Amino acid sequence: MGRISSCTELITWALTSTIPLQNHSFSWNGQLTPQQERASQQVQKSILQKKDHIVYAVCGAGKTELLFPAIFAALKNGQRVCIAAPRTDVVLELTPRLRTVFPETIIHSLYGDSPEETGFAQLVVATTHQLYRFNKAFDVMIIDEADAFPYSYDEALKRAVLKAKKNNASTVYVSATPSDQLLKQVVNVSKLFKRFHGHSLPVPTFQSLWRYEKDFAKGKIPKKLENWVNERIEKKEPFLLFFSTIELIEDAIVLFKKIHPLIEAVHSQDVNRKEKVMKLRQSQIPGVLTSTILERGITIPNVQVAVIGADQPIFDAAALIQISGRVGRSRDYPDGKIIFFHDGITHQMDKAKKTITFYNGGQ
């Protein structure tokens, strides 16, 4: 991953051609919707035919659940499966769910500074960076959040995926916002524009927050935002506030702790972000200020979301759609608030809102 020289020794270790025999059980009591069932069968068919497949599904459609039968079928057939995601947070979210569903399967979870794993894993959950470890190792490759940074922007990571899978392995791309290029590249596509609980996606509302950066620089929270946060605390609704930069988060968290001392902040450089997100999930803290690091791969019942500076370039339509998708994911709390606070409405904000409205139309 770092610099090497021509005299650096590189070692490749070859596995035996056959996977050690393992028992596998499937422990999931959920019920797929007719749409999920159809997509699940389509994915299984593509894997059997060794063809690539896209699962194009809105946030909260139950993409992971519809993959369970395909993963189980592959494991029973003696195939080795990898689920790769661009971000550590997604791996941390997926791993315990998969270990619950496949309790007898050896599952390794690989990410930066992950604990040492033992045994031969027939199912591997890893960040795309970790795929540099493997060479022609997997019979089935599943790329979760295929549109996410850094995988979507880094050709080296795409090459790592190709290197890690066998030549004839099927690749399943899973995304709520697949790129036009990917949709042109892969013929087999399953579309799910309805959430598993049948409720519509929450549509974002726009609210002006003029010169909000100057307010934070002067040591005060814009009044509209302060009122929104106080309302969430009063109603005991967990919340996520998305900011465009780490610097802005660090300036703002000092001010938000004056509203409530247990409000936390997380970003990519925060080594404790896993613990903080768990506290939010367990209702131990009222809310979290975050960067786009939490725009995907996180599910918290009844969470309310606001984007501070939705007009900033980092918040393109795909990011805004993913952020909006954090809201209303639970069957018990299918509604929720998603607010785009802005200093001027952008084309990307309009595009995100129109796309979500299109999904709700089921077209």
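What percentage of the 363 residues of the chain count as buried? The figure is 53%, where buried means under 20% relative accessible area, exposed means over 50%, and partly exposed covers the values in between (1.4 Å probe, protein chains only). Before we go further, please keep in mind that this is a predicted model, in which local features need pLDDT of at least 70 and side-chain atom pairs count only at pLDDT 80 or more, while totals for chains, interfaces and linings use all residues. Residues are numbered from 1 along each chain as its sequence is written, and side-chain values use heavy atoms, with hydrogens and water left out.

Let us start with the overall picture. The C-alpha trace spans about 65 × 55 × 35 Å along its principal axes. The radius of gyration, taken over C-alpha atoms, is compared here with a globule rule of 2.2 Å times the number of residues to the power 0.38. Because that rule puts a compact globule of 363 residues near 21 Å, the 21 Å of this chain agrees with it. The chain exposes about 17,700 Å², and 50% of that comes from carbon and sulfur atoms; the areas come from the Shrake-Rupley method with a 1.4 Å probe, and for residues only the protein chains shown count as cover.

A contact means heavy atoms within 4.5 Å. Among contacts between residues at least 6 apart in sequence, 76% join residues at least 24 apart. As for charge, the chain carries 46 positive and 36 negative side chains, and the centres of the two sets lie 4 Å apart. Lys and Arg count as positive and Asp and Glu as negative, with His and the chain ends not counted; each charge is placed at NZ of Lys, CZ of Arg, CG of Asp or CD of Glu.

Now for the secondary structure, which comes to 11 helices and 13 strands. These are DSSP runs numbered from the N terminus, with helices (H or I) of at least four residues and strands (E) of at least two. In a regular strand the side chains alternate between the two faces of the sheet. Strand S3 (residues 107-110) is covered on both faces: Ile107 and Ser109 are buried on one side, and His108 and Leu110 are buried on the other. S3 pairs with strand S4 (residues 123-127) in the parallel sense over 4 bridges, two strands being paired if DSSP finds at least two bridges between them. Within that pairing, Leu110 has Ala126 of S4 as its bridge partner. The loop between S3 and S4 contains Gly119, which is exposed because its relative accessibility is 58%. Gly119 and Ile107 are 12 residues apart along the chain, and their C-alpha atoms are separated by 9.1 Å.

Further along, strand S11 (residues 287-290) also has both faces covered, with Gly287 and Leu289 buried on one side and Val288 and Thr290 buried on the other. Which strands pair with S11? One is strand S9 (residues 239-242), parallel to S11 over 4 bridges, and another is strand S10 (residues 264-266), joined to S11 by 3 bridges and also parallel. In the loop between helix H9 (273-281) and S11 sits Ser283, which has a positive phi of about 60 degrees although it is not a glycine. Ser283 is exposed because its relative accessible area is 65%.

Lys50 is another non-glycine residue with a positive phi, near 55 degrees. Lys50 lies in the loop between helix H1 (34-48) and strand S1 (53-57), and counts as partly exposed at 44% relative accessibility.

The helices complete the tour. In H1, Gln35 is partly exposed at 28%, and touches Leu192 and Lys194, leaving aside residues up to four places away in sequence. Thr64 lies in helix H2 (residues 63-76) and counts as buried because its relative accessibility is 17%. With the sequence exclusion of up to four places, Thr64 touches Leu94 and Arg97. Finally, Ile356 in helix H11 (residues 347-361) is buried, with a relative accessible area of 2%. Not counting residues up to four places away in sequence, Ile356 touches Leu201, Pro202, Val203, Pro204, Ile321 and Ser324. Of these, Ile321 is 35 residues from Ile356 along the chain, with the two C-alpha atoms separated by 7.1 Å.
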